[in-house]
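These are my notebook entries on one protein model, written down in the order in which I looked things up.

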Amino acid sequence: MIWAKEETLTRQEIEEIQFTRLKATLKRIYDKVPAYRNKMEQAGVTCDDIRSLDDLRKLPFTVKQDMRDNYPYGMFTVPKKELIRIHASSGTTGKPTVVGYTKNDMAMWTECVSRIACMGGASDEDVAQISFGYGMFTGALGLHYGLENIGASVVPASCGNTQKQIMYMQDFGATLLVATPSYALHIAEVAKDMGIDPSKDLNVKIGLFGGEGMTEPMREEMHRLWGSDMKATQNYGMSELVGPGVSGECLELCGMHVNEDHFIPEIINPDTGQVLDPGEKGELVISCITKEALPLIRYRTGDITRLFYETCKCGRTTVRMENLSGRSDDMLIIRGVNVFPSQIEEVLLQVKEIGAHYEIIVDRKDYLDIMEIKVELCDETLLDSYAKLGELEKKIKFNLRTVLGLDAMIKLVAPRSLKRFEGKARRVTDLR
Ligand code: DLL
């Protein structure tokens, strides 16, 4: 089901809406946020210089550091009194990034998530278990409001206590699961330990996954564990932009539809800042054109993707972003070669003897970068055969070398011996 008529507008209609909203937002930020006004002045651009959507590229970028420099409320365009919700995303260093919502922002957020839930096949028939951590993370409450809005029965299970999660699913008849893809795989493993086969004994037919990437082999793994008839889609968002609700996959699985009447996406070359053509891969930059409290303009997400403007078979005309290849800042440079963890994951998950969990450790020895990858075997009995282990190790190394052009040390470990995550998985340790 298509939730809103704004998902099917013509390009001309959508661009008219975008331009009007951009102009209004820009004026508000210019008037209300000194930090942004200074940036525009430094760039030598005024609101009047923006005469068409193409002029967007004249505006300066906003980056995470701007949020840090103006912590906590300096980038907000409304007085604190107008906020009805505050979230924060934990940074790896120092203070978190604070985001806030007015009443209208909450309505807009709910609307965007409702569309994404419908794209993934959700409806008012569903019992939706939310297994994202409730709290400062935007994922849980974002999906919560959107799913309630479309009439689904929401079970706010939060993450952790996985056995209890499975009991809720069974007893309350969950038909839809919201989780990070890595946690969804873990839930299925724990269910199997409890003697429950998720594909037969549970009734979860829709997976709305997000917060981290789901590569195609991971989606296949999801189907293997949860059943081939599960509609497993992913959706994308970021706290600074709104949380979940920026874009989501429809059931055609050909990229994530952006809610373009609220967000204008661009792709830039991360090194030069130059705007790239449709179809070219680079860093995603988003302008929020309907937010009241925190309408970031040309925010550099750090996420790497490309945009497709062709109409989708589902009938939506909104631009689609390819599932992310990674973040520009989680790209590893190993002996000069650019490597995204998602590339490694794609290779690993195509090897049937190993499971979906892995760890990448990068270090430097004698001035040389080295990469070790720990991968879990599916079948413990393989550990008894040196010959078979050696063969498997060789095969994984060969596949990785073919794709990455790099050698890696492979360490095969027992099933279920690597760390599991209830939220976003952290798979890379860079010791250099
Ligand atoms: O992860 C918002 C969200 C929650 C989106 C739940 C979807 C579902 P942050 O915690 O601020 O916000 O993290 C944002 O997570 O820049 C991406 O690098 C990554 N990310 C989010 N969704 C995806 C996805 C939420 N579908 C950062 N694929 C983003 C790949 C994703 N990466």
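Entry 1, the ligand. I sorted the shell around the ligand by class and found 6 nonpolar, 10 polar and 5 charged residues, where Ala, Val, Leu, Ile, Met, Phe, Trp, Tyr, Cys and Pro count as nonpolar, Asp, Glu, Lys and Arg as charged, and the others, Gly among them, as polar. I noted that this is a predicted model, in which local features need pLDDT of at least 70 and side-chain atom pairs count only at pLDDT 80 or more, while totals for chains, interfaces and linings use all residues. Residues are numbered from 1 along each chain as its sequence is written, and side-chain values use heavy atoms, with hydrogens and water left out.

Which residues come nearest to the ligand? Of the 21 residues around the ligand, I listed N235, S239, D303, R327 and K424 as the nearest; a residue counts as near if one of its heavy atoms lies within 4 Å. Strand 7 gives the most to this shell, with 5 residues, and helix 5 (138-149), strand 7 (231-238) and strand 8 (243-249) each supply at least two. Helices (H or I, at least four residues) and strands (E, at least two) are DSSP runs, numbered from the N terminus.

A side-chain N or O atom of S239 lies 2.5 Å from an oxygen atom of the ligand, whereas G211 places a backbone N or O atom 3.2 Å from a ligand nitrogen and E212 places one 3.5 Å from a ligand nitrogen. The ligand taken alone exposes 610 Å², and the protein buries 91% of that, with areas from the Shrake-Rupley method and a 1.4 Å probe.

I traced an open sheet of 9 strands with mixed pairing, in the order 4-3-5-6-7-8-9-14-13. Its edge strands are strand 4 (153-155) and strand 13 (307-308), each of which pairs on one side only; two strands pair if DSSP finds at least two bridges between them. Strand 9 and strand 14 run antiparallel and are joined by 2 bridges, and in one of these strands, strand 14, M321 is the bridge partner of M256.

Rolling a probe the size of a water molecule over the atoms shows where empty space is left. On a 1 Å grid over the protein atoms alone, a cavity is a set of points where a 1.4 Å probe fits but cannot get out, a pocket is an open set with protein on both sides within 12 Å along at least five of seven lines, and lining residues have an atom within 4 Å of a point.

The second largest pocket has a volume of about 430 Å³, a volume being the space filled by probe spheres set on the points. Its lining has 18 residues, with D54, R57, P265, E266 and Y309 nearest the centre, and strand 10 gives the most, with 4 residues.

How many cavities of 30 Å³ or more does the structure hold? I counted 2. The largest cavity has a volume of about 60 Å³, and among its 13 lining residues M67, N70, Y71, P72 and V98 are closest to the centre. The second largest cavity, of about 50 Å³, has a lining of 7 nonpolar, 2 polar and no charged residues.

Conventions
Polar contact = N/O pair within 3.5 Å; in protein donor to acceptor, adjacent residues only side chain to side chain.
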